[in-house]
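Student: I'd like to learn how to read a fold from its coordinates. Could you walk me through one, feature by feature?

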Amino acid sequence: MAEPAPAPALAVHGLCKAFGGLTATDAVSLDLRPGEIHALIGPNGAGKSTLIGQIAGWIAPDAGRIELGGRDVTALDVAARARLGLGRSFQVSSLAGPLSARRNAMIAAQARQGSSFRFLRPVSRDRSLREAADAALARVGLLARADIPAAELSHGERRLLEVACALALGPKALLLDEPMAGLGMEGSAQLGDLLEALKAEAPILLVEHDMDAVFRLADRISVLVSGRVIASGPVEAIRGDPEVRRAYLGED
C-alpha cells in the first residue's frame, strides 16, 4: 500500500476578502507541500498582494481558513505565525537601514522567541541570536558583509539579506514576495540557485513576475486572476493552459 502524501506545510482553504464592492480574493484555496517551490502568478490587480497579506497575517480574511503545519492560524497575528515557522520576505523592504546586516538578522531570529522589540536591549551580547543570524547570513553569502549597515548594501545584497532574515526564523515554510525585483540577470541566477537549495528544508510559496525564473524554479504554479485561482498544476500544464495564456500571458 502506498504511503499517504505528507501533510502540506501551508494550506489556505476558501479565503475570501472584499473591500467595499471589490472582491480581492474569491474562495482561494491552495497548498504548499514539503520540498517544493509553489509559484503564485497573476496580472497586476489579480489579488496577489491581498492573498499574501492574509497568509502573512496582516489582513484578516472575511471567510476561509489558513493552516501552518496542520494548525489553524487564521486568528493569529504576524508575530505568532513567525514563531510557528512562517518565514517571509516582501517586495517592500522592511529592513532597518541604519542597522547592520547582522543586527537585522538578529532581530528576525529573536522573533522566534517573542517580541521583536527586544532589540532595544543589548542583544549584540546574546550569543544564540548572533549565531542564528550569522548562520542565516552565511547561507545567503553575506557573512563577510555582516557589519555593514543595511542601507549601504547593494540592492541585490539587500534582497539576499531579506531572505537571510526569513531564514533566521528557522522557518517551516517560506513566503517570498518578488524576491528578484530589481535584480539583474546574475543576481537573479544567484538567488534562484539559493532558493533551489533552500526548498528541501523549507518549502517556498513564491510570488514573482519574472516568468523565466518562475518556469525555471517552480514545481507547481497557481494562477490568480480577478481574485480567483483559474489554474493550478505542474509548470508544463500551466504553460500550455489556453485560459492562462489568454488571461495572463496575453496570447490567443
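Tutor: Buried means under 20% relative accessible area, exposed means over 50%, and partly exposed is in between, using a 1.4 Å probe and protein chains only. This is a predicted model, where local features need pLDDT of at least 70, side-chain atom pairs count only at pLDDT 80 or more, and totals for chains, interfaces and linings use all residues. Residues are numbered from 1 along each chain as its sequence is written, and side-chain values use heavy atoms, with hydrogens and water left out.

Student: Which residues touch the most other members of the largest nonpolar core?

Tutor: The general idea is that in soluble globular proteins, nonpolar side chains tend to be buried together. Here, L161 and L195 touch the most other members of a 37-residue core. Helices (H or I, at least four residues) and strands (E, at least two) are DSSP runs numbered from the N terminus. Among the elements giving two or more residues to this core are α3 (101–110), α6 (185–198) and β7 (173–177). Helix α5 gives the largest share, 7 residues. There's also a second, separate core of 22 residues, which includes A46, L68, A173 and L205.

Student: What is L161 in contact with, leaving aside its neighbours within four places in sequence?

Tutor: Contact means heavy atoms within 4.5 Å. On that basis L161 meets L95, A101, N104, L137, L142, A150 and L153. For the whole chain, residues 24 or more positions apart make up 65% of the contacts with a separation of 6 or more.

Student: And how do I read a sheet? In what order do the 4 strands of the open sheet come?

Tutor: Two strands pair if DSSP finds at least two bridges between them. The order is β2-β1-β4-β5, with antiparallel pairing. At the edges sit β2 (22–32) and β5 (71–72), each pairing on one side only. To pick out particular pairs, look at L68 with its bridge partner R71 in β5, or at H13 with R65 in β4. The β4–β5 hairpin has 2 residues between its strands, and G69 there takes a positive phi near 60°.

Student: What packs on that sheet?

Tutor: Helix α1 (residues 48–56) does, touching β1 (10–19), β2 and β4, and its direction makes about 120° with that of β1. Such axes are lines fitted to C-alpha atoms, for helices over the stretch in contact, with angles from 0 to 180 degrees between N-to-C directions. Because 8 of its 9 residues are buried, α1 is largely enclosed by the rest of the structure. T50, in helix α1, is buried at 13% relative accessible area. Leaving aside neighbours within four places in sequence, T50 is in contact with K17, F19, A24, T25 and I59. Just after α1, G57 has a positive phi of about 115°.

Student: How many disulfides does a search of the whole structure find?

Tutor: A disulfide is a pair of cysteine sulfur atoms within 2.5 Å, and the search gives 0. As for individual cysteines, C16 is partly exposed at 23% relative accessibility, whereas C165 is buried at 11%.

Note on methods. A nonpolar core is a set of buried Ala, Val, Leu, Ile, Met, Phe, Trp, Tyr and Cys residues joined through side-chain atoms within 4.5 Å.
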